[in-house]
Amino acid sequence: MPDVEKKSVQHFIDGEFVDSADGATFESISPIDNEVVADVALGSAEDVDRAVRAARRAFEEGPWPRMSAAERGAILYKLADLLEANRGEVANWETRDTGKPIMASSTRDIHGTTERFRFFADYAKQSLDHGDHFDSLETNQSTIVVKEPVGVVGAIAPWNLPLPMMGWKLGPALAFGNTVVAKPSEDSPITTSLLAEMFAEAGLPDGVVNVVNGFGPGSAGGAIVDHPGVDAITFTGSGVAGRAIMAAAAPTLKKVALELGGKSANIFFADADLSKAVPGSGMAIFGNSGQMCIACSRMFVQRPIYDQVVEMTAAMAEKLPIGDPRDPATMMGPVINTEAVERIQRYIEFSTEDGARLVAGGYKLDGEFAAGNFIKPTVFADATNDMRSCRDEIFGPVQHIIPFDTETEALKLANDCDYGLGGAVWTTDLGKANRVSRSMRTGFVWVNGYARHDDRAPFGGYKQSGIGREGGKYSEEFFTEQKGIEFTY
Ligand code: NAD
């Protein structure tokens, strides 16, 4: 559908789609061909202020925080149903806006969002009714603990998984009774706006979720973080932005949750089942064109299987169907923008300069794909953990393979990293899997698998990969205040 169409994206404030107060706009560019895909309202501090006032009013005077969790949950379920009913339109725009293969935007991304709404709707119904209760019989006192919403939440999302990341924020924020000012990434504004079209029909009262578009510092993102009417910031994005947000939130002492970047390790022991490990870890680096916080971009392979794994990984990278993401057979599309192409190409040069051996890819696609941002899946062998490409988050389809001899050495290398978000271990020895996964300094480890995540489990980073955890009770801790009330008899 929307190949020739251009979208007009406005802010959504207090239940209405509106332009910026000063009429400013910016363009969203498709990475498929670098053509303009949308004209987008460019939010300023004034627009954010309107949105925060609406959210504040909805919080202090409106029904939302006062509804039962079951009533709010029914609305979240309706929102999930509506998103599913509009799957085709939403997925087409997402693919055009971000270059993500339609096979992912129409399935995994929609599902990953609707399930967050449904999961937190159910979770809040159970958990909000179960606060702690402490009796002090000697003094005739009892204390109950009640969970209350934090207030107005600023939700700032990245472009790599626009809807699922928004779902991780809106799902729990709303289920626990907060109101929200949301800002999608400037690189992927369209689908959050499409979601906003469904709010009223789902039954969300005006002002409960407001969406302001724009950039980060000095724009809508910075204004949300600075605003004294915002009580908490939930942010997913880069470490650079996370550090700036933490500093900017300090003067108003906002609660901050930061989900940041990663440089995850993928450890292959000699006893691994390679028929599963190689394809599994292929998607751990080439899925979403390598643009995943949990990308396992450092692959440590035990020496007896090293040559075989290098050969299999290179062959898989060469064969991966890369191309127009609107084609259902495409598994890898372009990277998000021309700056990303330049960054990835710079790191490919660094790897060669630093002595790694290129065994697959290493170039931008030409010919029919020349106008877009397509990077051939790239694999370097004989890398070392101290190379620039093995220290920094490249955020592109570039794998580095590093040999090791012993379990101790693998762990030392894996943990020698500024980040600590994800990681994978491939082995048929369960004792080893247990030892290694527990010793990895990282927020989540997959053993003989990759990327699945139970919504009840914690997700988040050690070290420079972030602060806080998302998922079940971990999200509840962030999106609620816990209040003690003591009764004296
Ligand atoms: P980014 O940090 O450039 O931008 C993310 C969002 O923050 C955007 O909406 C942007 O406008 C806004 N922003 C940037 N600076 C800001 C500031 N100072 N104040 C307020 N808002 C600001 O990140 P990106 O390029 O959109 O996303 C890629 C990054 O996100 C990668 O580092 C990736 O690892 C990370 N990420 C992490 C997770 C996770 O769960 N840990 C998930 C997805 C992506």
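## A residue in a loop

Let's start with A250, which sits in the loop between α8 and β12 (255-259). Keep in mind that what you're looking at is a predicted model. Is A250 buried, exposed or partly exposed? With a relative accessible area of 43%, A250 counts as partly exposed, because that label covers values between 20% and 50%.

Along the sequence, A250 and M312 are 62 residues apart, and going from C-alpha to C-alpha in space, the two are separated by 49 Å.

Now zoom out to the whole chain.

## Where the ligand sits

Why does the ligand lie between the two domains? Domain 1 and domain 2 both give residues to the shell around the ligand, so it ends up between them. There are 31 residues around the ligand, and the ones that come nearest are A157, E186, S238, L260 and E393. Sorted by class, the shell has 18 nonpolar residues, nine polar ones and four charged ones. At least two shell residues come from each of these elements: α7 (220-226), β11 (232-236) and α8 (239-249).

In E186, an N or O atom of the side chain is 2.6 Å from an oxygen atom of the ligand. L260 uses its backbone instead: a polar backbone atom there is 2.7 Å from a nitrogen atom of the ligand. G237 brings in a backbone N or O atom too, at 3.3 Å from a ligand oxygen. How much of the ligand's accessible area does the protein cover? On its own the ligand has 850 Å² of accessible area, and the protein covers 90% of that.

## Two buried residues

T236 belongs to strand β11. Its relative accessible area is 9%, so T236 is buried. The side chain of T236 makes a polar contact of 2.7 Å with the side chain of K169. Skipping neighbours within four places in sequence, T236 is in contact with I156, A157, P158, M165, K169, E259 and E470.

S188 is a loop residue, placed between β9 (179-183) and α6 (190-202). At 0% relative accessibility, S188 also counts as buried. Leaving out residues up to four places away in sequence, S188 touches D97, T98, P158, W159 and P162. P158 is one of the contacts of S188, and P158 is also among the contacts of T236.

Last stop: the backbone. Most residues other than glycine have a negative phi. Which way does phi go in A451, positive or negative? A451 has a positive phi, near 80 degrees, and A451 isn't a glycine. You'll find A451 in the loop between β20 (446-447) and β21 (462-463). A451 is partly exposed, with a relative accessible area of 37%.

K463 is another non-glycine residue with a positive phi, this time near 45 degrees. Look for K463 in strand β21. K463 counts as partly exposed, at 37% relative accessibility.

Technical notes
Residues numbered from 1 in each chain as written. Predicted model: local features only at pLDDT ≥ 70, side-chain atom pairs only at ≥ 80, totals over all residues. Heavy atoms only, no water. Near = heavy atom within 4 Å. Polar contact = N/O pair within 3.5 Å; in protein donor to acceptor, adjacent residues only side chain to side chain. Areas by Shrake-Rupley, 256 points an atom, 1.4 Å probe, with all protein chains shown as cover. Helix = DSSP H or I, 4+ residues; strand = E, 2+ residues; numbered from the N terminus. Nonpolar A, V, L, I, M, F, W, Y, C, P; charged D, E, K, R; others polar. Domains from an automatic or database assignment. Buried < 20%, exposed > 50% of the residue type's maximum accessible area, 1.4 Å probe, protein only. Contact = heavy atoms within 4.5 Å.
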